[in-house]
Amino acid sequence: MEYTRTCTTCNVSKTLNSQNFGRNAACKGGYTPRCKECRREYDKRWREMNPDKCLAYRKAFPKDKKSICNKKYSQKSSAKQKRLEAERKRKEKPEVRDRIRYLANLPQNKLKRAEKQLERRRSDPEKSREIQRRYREKNPERVRMWKMRRRALENNAEGSFTPQELREKLAEYSGKCHWCGSLTDKPELDHLIPLSKGGSNWISNIVPSCVSCNRRKSNIMPEEFLARQFA
């Protein structure tokens, strides 16, 4: 959206930007009320009406000010060149260069990796199934986390958790069911508030449950399930 301002001298409405108006933080909106064209005309008339003052100002102007400005500019330019040189040397380091190349090609690498995995599964399905079975046995918490995340995505629910958070949650219950308190060797994961009823997939909404309680609870609210269980 473009804003406009009417010049106080020529009364012409112009776009409010640095091309039409001068910068001034003390003025409203950060721009002067007079446009640049009118300001140039005013300065020109003032110089014609006050030649003595202009001459006195030129004499008072330090002769070495231009050299001082050039020196400051060269110092800033030199500092910038040093920063650029340091950044170039940093990028030339093998570990930094490899990291930059890896991040630049990350989408392509993921696609290539997925294509190779699919090709291996098709060429030797038995070996692929065996690798997956060993991985599931070695990482049960991670497999559970993926299954719960997939269910959450199917129900458009927010939230996720890590395998470490899941291990800590299971350790709190010491193998007991959240609902009936019975010991179970392989507790299932249950959402306190079902995903279909607006529940989240955060670790705070997940509890261990025995097979019987998890099947009977299904997708009902916890208050209703407890009322049925102890009725």
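This is a predicted model: local features need pLDDT of at least 70, side-chain atom pairs count only at pLDDT 80 or more; totals for chains, interfaces and linings use all residues.
Local features need pLDDT of at least 70, side-chain atom pairs count only at pLDDT 80 or more, and totals for chains, interfaces and linings use all residues. Residues are numbered from 1 along each chain as its sequence is written, and side-chain values use heavy atoms, without hydrogens and water.

R5 lies in strand β1 (residues 4–6); strands are DSSP runs of E, at least two residues, and helices runs of H or I, at least four, numbered from the N terminus. R5 is buried, at 16% relative accessible area. Buried means under 20%, exposed over 50%, and partly exposed in between (1.4 Å probe, protein chains only). A polar atom of the R5 side chain lies 2.5 Å from the backbone oxygen of K28. For the backbone oxygen of Y31, the distance to a polar atom of this side chain is 2.7 Å.

The structure holds two aromatic pairs. Rings of Phe, Tyr and Trp (its six-membered ring) pair if their centres lie within 6.5 Å; planes under 30 degrees apart count as stacked, over 60 as edge-to-face and the rest as tilted. Y135 and W146 are stacked, because their ring centres lie 5.9 Å apart and their planes meet at 5°. Y135 belongs to helix α6 (residues 125–138) and W146 to helix α7 (residues 140–154). Y135 is partly exposed, at 34%. W146 is also partly exposed, at 39%.

W179 and F225 form an edge-to-face pair, 5.3 Å centre to centre, with 80° between the planes. This pair links distant parts of the chain, 46 residues apart. W179 and F225 are both buried.

Conventions
A polar contact is a pair of N or O atoms within 3.5 Å; within protein, one must be able to donate a hydrogen and the other to accept it, and residues adjacent in sequence count only if both atoms are side-chain atoms.
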